[in-house]
Amino acid sequence: MYKSVSGSTDVALFSPGDGVAGVTSLHIANTHEANDVIVDVYISTTSSAGVAASAFYLMKGRRIEKGGYAVLE
């Protein structure tokens with residue numbers, strides 16, 4: 001699966017019911033030519049109102065330099 005993300009926003013990479021199973025790694029690349037990025041990766045639960053109720057961080061505040069990448073396995 002490939003997903004392009006731009007701007008500073010929360011992006012759901014996948015959600016329950018997407019049919020995604022057996023994820024063993026996540027590769028995050030910063031393709032920006034001029035700026036580093038700060039990345040948080042987390043799993044969240046939602047309340048009945050659809051609002052994030054809690055989050056379990058896999059990566060928080062990780063700086064990825066321009067042209068760099070991070071891998072979660």
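**Strands, loops and contacts in a predicted chain**

Biologist: In which strand does Tyr69 lie?
Modeller: The model is predicted. Strand S4 covers residues 69-72. Tyr69 lies in strand S4.

Biologist: Is Tyr69 buried or exposed?
Modeller: A residue counts as exposed when its relative accessible area is over 50%. Tyr69 has a relative accessibility of 59%, so Tyr69 counts as exposed.

Biologist: Which residues does Tyr69 touch, leaving aside those up to four places away in sequence?
Modeller: A contact requires heavy atoms within 4.5 Å. For Tyr69, the C-alpha atom is 7.1 Å from that of His27, a residue 42 positions away in sequence. With residues up to four places away not counted, Tyr69 touches Ile28, Ala29, Arg62 and Ile64.

Biologist: What is the order of elements from the N terminus of the protein chain?
Modeller: The protein chain contains 0 helices and 4 strands. Read from the N terminus on, its elements run β-β-β-β.

Biologist: Is Gly68 buried or exposed?
Modeller: Gly68 is found in the loop between S3 and S4. The limit for a buried residue is under 20% relative accessible area. Gly68 has a relative accessibility of 19%, so Gly68 counts as buried.

Biologist: Which residues does Gly68 touch, not counting those up to four places away in sequence?
Modeller: Gly68 and Ser44 are 24 residues apart in sequence, with their C-alpha atoms 26 Å apart in space. When residues up to four places away are not counted, the contacts of Gly68 are Ile28, Ala29 and Asn30.

Biologist: What is the relative accessible area of Asn30?
Modeller: Asn30 is found in the loop between S1 and S2. Its contacts, not counting residues up to four places away in sequence, are Asn35, Asp36, Val37, Ile64, Glu65, Lys66, Gly67 and Gly68. Asn30 is buried, and its relative accessible area is 5%.

Biologist: Which residues does Glu65 touch, not counting those up to four places away in sequence?
Modeller: Glu65 has its place in the loop between S3 and strand S4. At 54% relative accessibility, Glu65 counts as exposed. The C-alpha atoms of Glu65 and Ala29, 36 residues apart in sequence, are separated by 9.2 Å. Excluding residues up to four places away, Glu65 touches Asn30 and Asp36.

Biologist: How many Å apart are the closest N and O atoms of the salt bridge between Asp36 and Arg63?
Modeller: Side chains of opposite charge can pair when their charged atoms come close. A search of the whole structure finds 1 salt bridge. In the salt bridge between Asp36 and Arg63, the distance between the closest N and O atoms is 3.7 Å.

Biologist: How many residues apart in sequence are the parts that the Asp36 and Arg63 pair ties together?
Modeller: Asp36 is partly exposed, with 34% relative accessible area. Asp36 lies in the loop between strand S1 (26-29) and strand S2 (37-46), whereas Arg63 lies in strand S3 (residues 52-64). The pair therefore ties together parts whose separation in sequence is 27 residues.

Biologist: How far apart do the centres of the positive and negative side chains lie?
Modeller: The protein chain has 5 positive and 7 negative side chains. The distance between the centres of the two sets is 4 Å.

Biologist: Which residues make the nonpolar surface patch of about 610 Å²?
Modeller: Val5, one of the patch residues, is placed in the segment before S1. Val5 counts as partly exposed, at 42% relative accessibility. The nonpolar surface patch is made by Met1, Val5, Val11, Leu13, Phe14, Val20 and Val23.

Biologist: What distance separates the C-alpha atoms of Thr9 and Ala53?
Modeller: Thr9 is in the segment before S1. With a relative accessibility of 52%, Thr9 counts as exposed. Thr9 and Ala53 are 44 residues apart along the chain, and their C-alpha atoms are separated by 18 Å.

Note on methods:
Residues numbered from 1 in each chain as written. Predicted model: local features only at pLDDT ≥ 70, side-chain atom pairs only at ≥ 80, totals over all residues. Heavy atoms only, no water. Salt bridge = Lys/Arg side-chain N within 4 Å of Asp/Glu carboxyl O. Helix = DSSP H or I, 4+ residues; strand = E, 2+ residues; numbered from the N terminus. Buried < 20%, exposed > 50% of the residue type's maximum accessible area, 1.4 Å probe, protein only. Patch = residues over 30% accessible without salt bridge, like charges linked within 9 Å, V, L, I, M, F, W, Y side chains within 5 Å. Areas by Shrake-Rupley, 256 points an atom, 1.4 Å probe, with all protein chains shown as cover. Lys, Arg positive; Asp, Glu negative; His and termini not counted. Charge placed at Lys NZ, Arg CZ, Asp CG, Glu CD.
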